[in-house]
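Here is a short report on one structure. Keep the sequence and the 3D view open while reading.

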Amino acid sequence: MKHLRIILSVLFILALLVTACSKATPTPMPTKAAAQPTKAPEAKTKTLVLGFTASNTGKYAKESKEQTQGLKLWAEAVKKKGGIKLSDGTIVTFELKSYDDESTKERVQQLYTKLITEDKADLLVSPYSSGLTAAAAVIAEQYGKIMVTTGAASDSIYKQGYQRVYQIYTPASRYLTGAVDALKAWDPNAKKLAVVYEKTKFATGVATAAKEYAEKNGFEIVLFEGYEKGTTDFGPFINKIEAAKPDAIIGGGHFQDGSTFAKQLYEKKTPVKMIAILVAPAVPEFAELGDAAVGVIGPSQWESLAKYSPESAKAAGLAWCGPTIDEFVSAYKAAYGYEPGYHAAGGYAAGLVLERAIKMADSVDPDAIKAALDKMDVMIFFGHIKFDTGEAHGLQIGHDMVYLQWQKDKSGNLVREIVWPEAAKTAEPLYPLQR
Amino acid sequence: MDVLIASVVDGLLIGFVYGLAAMGLTLIFGVMDVVNLSHGALIALGMFGAYLLYTGLGINPYIGLFFVLIGGILLGMALYGIAIHPLLHGPHLSTLLSTFAISMIIVGVGTALFTSTPRNIDISMGALTLGPVRILGTRVIAALMAILMAVGLYIFMYRTHTGKSVRAVANNRDAAELVGIPSTRILALSFGLGTMLAMVSGGLIATLFPFSILSGGTYELKSFVICVLGGLGNPTGALLGGLILGLIEGFIPVFMPVGWTPVIEFTLFVIILLVRPSGILGAR
Amino acid sequence: MMMRYVREPALWLSLLLVIGLGIWPLVTKSATLREDMFLILMFVTLASSLNIVLGYTGYVNFGHIVFFGMGGYIGFYLIAIKGWRLIPAALVAALGVAIFAIVLGSIILRLRGAYFALATIGVNEAVRSLVVNWDAIGGAVGLEMNFGRYKDYGGPMNALWYTYTLLVIVAAASVMLSYFVRTSKFGLGLLAIREDEDASLVLGINAPRAKTIAYALSSIFPAMVGVLFFFKNGNIEPGDAFRLHMSVEGIVMIMLGGYGTVLGPVVGAGAYERLRGFLLTSPLFKNLQLAFAGILLLLIIIFVPSGLVGWLRNRFPKVRRILA
């Protein structure tokens with residue numbers, strides 16, 4: 001009897017080992033394969049594999065979903081157009097290949113290595129979040145592949161000497177500087193600021209830059225402190241913030257912690273005049289917080305009410321390319337049933353920038369595409385796109401932030417309005433907060 | 001000063017819930033000398049249990065806790081049969097690893113079913129304002145329920161026949177058998193009680209903070225620290241340890257950056273293990 | 001004395017296995033294979049070294065990964081911030097971690113059984129939290145290395161192969177160390193401690209010193225592996241460096257392959273990594289990888305506690321000469 005059990009277990013283990021040692025053919029997650037049948041049989045078709053990882057599960061799931069949806073919408077648009085036509089008649093189409101990185105860095109590095117070495121990706125898009133993108137960028141650069149990053153604002157990535165990584169988002173250092181400007185404009189008497197941030201690459205970068213900027217503008221930083229990634233209980237922290245008696249709280253991190261923080265600030269009825277936190281307010285699901293969301297300000301890479309258009313491009317002396325804001329918004333709404341936030345817009349913009357680079361280079365040769373990206377100076381629905389080619393190679397230097405605030409419209413629904421900068425305003429700001 | 005009062009109150013309230021979780025761990029150790037490494041996974045299971053009953057069947061989480069309680073005892077007894085009973089007479093490593101294996105299975109299946117995307121039980125029980133302190137209703141209720149359960153456990157252990165049998169087996173298993181106590185059944189029940197306490201505390205925590213199937217790990221670590229503080233095997237010690245930990249977590253952020261709390265907790269943990277492993281109240 | 005080892009088939013078998021696996025990608029020049037083998041050899045080293053404390057001395061060390069993390073941080077700091085080269089950085093990291101292990105070991109090895117296990121968890125978490133708060137070495141955000149550093153090694157591709165080759169050497173060395181300890185008088189002392197520590201004290205074995213030496217020996221190679229791993233990754237963060245989960249996976253590998261044997265951790269690491277890799281990329285099993293590992297561990301503990309190699313040794317005494 002005892003021998004039987006042992007033999008069965010050993011057989012089980014051996015069976016597992018045998019299956020494991022046989023070459024496992026991994027199947028990538030089913031994503032859109034956009035292979036387009038060419039109209040003219042003689043024209044050459046070149047299919048470029050575009051590789052990326054998405055956080056389908058884990059703490060970045062919500063933001064990443066928006067980003068991937070944006071990218072897929074772009075791929076659909078290219079497919080509908082029949083691909084990109086080069087001057088020598090070649091038609092370029094894209095095949096998207098992606099895996100779930102589960103919001104963890106370890107998976108990102110394994111999967112990007114796989115995308116490059118096994119799936120033969122020609123071009124790469126980053127995962128969502130600066131942390132994961134930093135991990136992916138190393139791999140991309142090690143194999144010499146071009147990677148466009150979206151959903152990744154941290155400046156530090158672009159100080160590592162990479163030559164093939166290009167940033168779509170406004171860098172972290174410019175994230176909350178506008179909030180400081182706004183506070184100064186709305187209330188010259190408000191002088192005390194609490195800067196509290198998630199201890200991640202992105203949020204730490206934003207907070208440090210914001211602190212320096214605020215101090216330069218005459219503010220007193222009554223509290224500058226970070227909280228651990230994954231904090232769910234902000235109780236003790238909020239007690240500490242209240243004790244410092246700030247006029248405004250700025251900072252935060254990503255969606256999960258930001259929304260919990262906002263919720264707990266509301267529950268504790270913290271008496272503060274302005275709350276500006278990162279990422280969370282710009283994700284459509286922030287509205288689920290209900291009354292806790294009212295008045296919360298968030299910096300946004302893009303809003304549907306922004307004023308980027310072919311006319312404003314001409315006025316600024318820039319070329320224009322791609323869909324208008326309205327075209328993008330209606331296409332997104334038609335595909336997914338709700339209005340896009342900036343994460344989705346960033347995803348679309350990443351694809352659009354690659355498309356333009358290929359068109360400008362008039363080739364699919366990586367070096368030519370790189371040269372085109374280095375030279376790029378264009379306005380798209382997302383804003384002005386231009387990359388640094390000096391020491392901080394790839395850093396986004398053309399794009400700026402707008403600041404949105406959740407308010408209740410006449411029928412009591414929660415909506416996002418742009419409240420800063422003045423030129424882009426769509427509604428009056430709610431200041432000070434009634435808490 | 002206000003901050004201090006607010007911190008003390010917040011800390012004590014959450015401390016009761018931590019203590020409840022730790023009681024489960026310490027009970028199992030006290031009765032059968034086993035460190036239950038699936039403790040965290042069970043806490044996470046309790047969180048999901050309450051969550052699913054609430055979102056799926058619309059049952060109020062506090063009422064749902066009752067079902068979590070029953071489920072916990074049954075699950076615990078089953079786990080005892082699978083992972084503990086065959087290994088009780090072996091080296092310590094065996095039960096450490098088998099309970100860890102259970103934890104891997106629970107977390108693995110849980111991740112497959114629920115993914116690691118964070119969840120929330122969205123209920124609001126208002127808030128009380130006592131002077132400078134604003135206390136959330138959910139925290140008060142969680143603390144009250146934890147106290148209720150602790151009292152219930154005490155009554156069980158000291159006033160009922162079965163409870164006394166548990167204490168007898170904990171004291172000396174062979175002697176207990178000699179007086180006619182079915183020790184295997186009692187051990188199974190004890191493991192069930194330990195599991196139940198973990199799951200119920202999980203359900204309570206779920207009403208306070210967002211969670212995922214991976215959240216159990218943090219609370220398991222806290223439970224270890226609490227058990228060592230209060231004395232491994234001593235349920236009253238666990239409750240006391242929980243309160244102390246809650247106070248530490250409330251206090252530290254006031255005087256230094258919030259990030260230092262885990263450093264202090266774990267350093268304290270290692271120091272106590274070295275200096276007074278039997279804990280403050282003494283192990284049993 | 002060394003000549004005796006040349007004639008021992010068990011040593012040759014273990015070494016050939018490790019070196020054979022290691023050379024394979026170098027011969028085929030396949031990057032994918034190299035990446036797979038990198039992970040496998042990394043775990044072979046971690047498991048083999050952990051075995052010295054867990055398998056030979058019988059002390060359950062849940063915090064083994066702290067050596068990997070500390071070594072990684074020391075080495076990465078020296079390379080990225082101070083501009084050192086890889087090999088000197090790895091050696092200094094190993095030295096630093098070994099000293100830490102001696103100091104820490106002499107304190108916590110006084111504890112027994114479950115208390116020791118809990119203490120090792122506490123140490124890992126305490127070090128991790130400390131690093132998170134220590135901004136000079138990057139804090140929660142971690143450290144990054146300027147990409148240009150790879151030029152010192154002939155560009156990133158060369159650097160990756162170079163790092164891999166070093167890892168093969170480190171893995172082979174850790175297996176050799178495991179073998180030497182196992183077959184030495186010192187190792188016999190450890191086994192005696194495992195069986196009954198108090199009895200071994202009576203027999204005249206200086207248990208506290210022996211345990212501390214074992215603990216320090218087990219820390220050297222994980223530290224080196226840490227440096228290699230994070231150099232390859234180009235960045236290091238506390239969350240990656242001190243992942244408690246990796247410690248436990250090491251324990252699973254030892255139990256799977258054979259607790260207290262030299263070949264066991266090698267076999268266990270290889271099998272577990274392959275299985276894990278297969279489960280992770282298969283969409284059906286992707287999320288059940290952890291559950292499978294758990295079931296596997298449970299079955300092994302209950303039915304085959306001496307692991308694969310251990311079972312073979314018990315069942316067929318004749319193979320004991322070649323399966324150490």
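A:Ser129 sits in the loop between strand 4 (123–125) and helix 4 (130–142) of chain A. The model is predicted, and it scores ipTM 0.82 and pTM 0.83.

Most residues other than glycine have a negative phi, and most peptide bonds are trans. A:Ser129 is not a glycine, yet its phi is positive, about 100°. Is A:Ser129 buried or exposed? A:Ser129 counts as buried because 29 C-beta neighbours lie inside 10 Å, and the cut-off for buried is 20 or more.

A:Lys269 also has a positive phi, of about 50°, without being a glycine. Its place is the loop between helix 8 (255–267) and strand 10 (274–277) of chain A. A:Lys269 is exposed, because 12 other C-beta atoms lie within 10 Å and exposed means 12 or fewer.

| Peptide bond | Geometry | Omega |
|---|---|---|
| A:Trp420 to A:Pro421 | cis | near 0° |
| A:Tyr431 to A:Pro432 | cis | near -10° |

A:Pro421 lies in the segment after strand 16 (414–420) of chain A. A:Pro432 is placed in the segment after strand 16 of chain A as well.

**A:Ala134 and its contacts**

A:Ala134 belongs to helix 4 of chain A. It counts as buried, because it has 28 C-beta neighbours inside 10 Å. Which residues does A:Ala134 contact, leaving aside its neighbours within four places in sequence? In chain A they are A:Ser154, A:Ile157 and A:Lys201; in chain C they are C:Glu144 and C:Asn235. A:Tyr158 is 24 residues from A:Ala134 along the chain, and their C-alpha atoms are separated by 9.2 Å.

**Helix 5 of chain C**

Chain C has a mean pLDDT of 86, and 95% of its residues reach 70 or more. Its helix 5 has 23 residues, which at 1.5 Å a residue should span 33 Å; the end C-alpha atoms are 32 Å apart, so the two agree.

The buried residues of helix 5 of chain C include C:Leu86, C:Ala89, C:Ala90, C:Ala93, C:Ala94, C:Val97 and C:Phe100. An α-helix has 3.6 residues a turn, so residues three or four places apart point the same way. What do the buried residues of helix 5 of chain C pack against? Their partners are helix 4 (65–81), helix 6 and helix 10 of chain C, together with helix 11 (260–275) of chain B.

Take helix 10 (residues 207–233) of chain C. Its axis and that of helix 5 (residues 86–108) of chain C come within 7 Å and cross at roughly 145°. The crossing of these two helices is right-handed. Among the contact residues are C:Ala93, C:Val97 and C:Ile102 of helix 5, and C:Tyr215, C:Ile220 and C:Phe231 of helix 10. By class, the residues of this contact are 17 nonpolar, four polar and one charged.

**Where chain C meets chain B**

Chain C gives 35 residues to its contact with chain B, and chain B gives 34. On the chain C side, helix 5, helix 6 (113–133), helix 12 (244–257) and helix 14 (289–303) each supply at least two residues. Helix 6 of chain C gives the most, with 15 residues. The side of chain C that touches chain B has 27 nonpolar, seven polar and one charged residues.

Conventions:
Residues numbered from 1 in each chain as written. Chains lettered and ligands numbered in written order. Predicted model: local features only at pLDDT ≥ 70, side-chain atom pairs only at ≥ 80, totals over all residues. Axes fitted to C-alpha atoms, helices over the stretch in contact; angles between N-to-C directions. Helix = DSSP H or I, 4+ residues; strand = E, 2+ residues; numbered from the N terminus. Left-handed = near helix turned anticlockwise from the far one by under 90°. Contact = placed C-beta atoms within 7 Å. Nonpolar A, V, L, I, M, F, W, Y, C, P; charged D, E, K, R; others polar. pLDDT = per-residue confidence, 0-100. Expected span 1.5 Å × (residues − 1).
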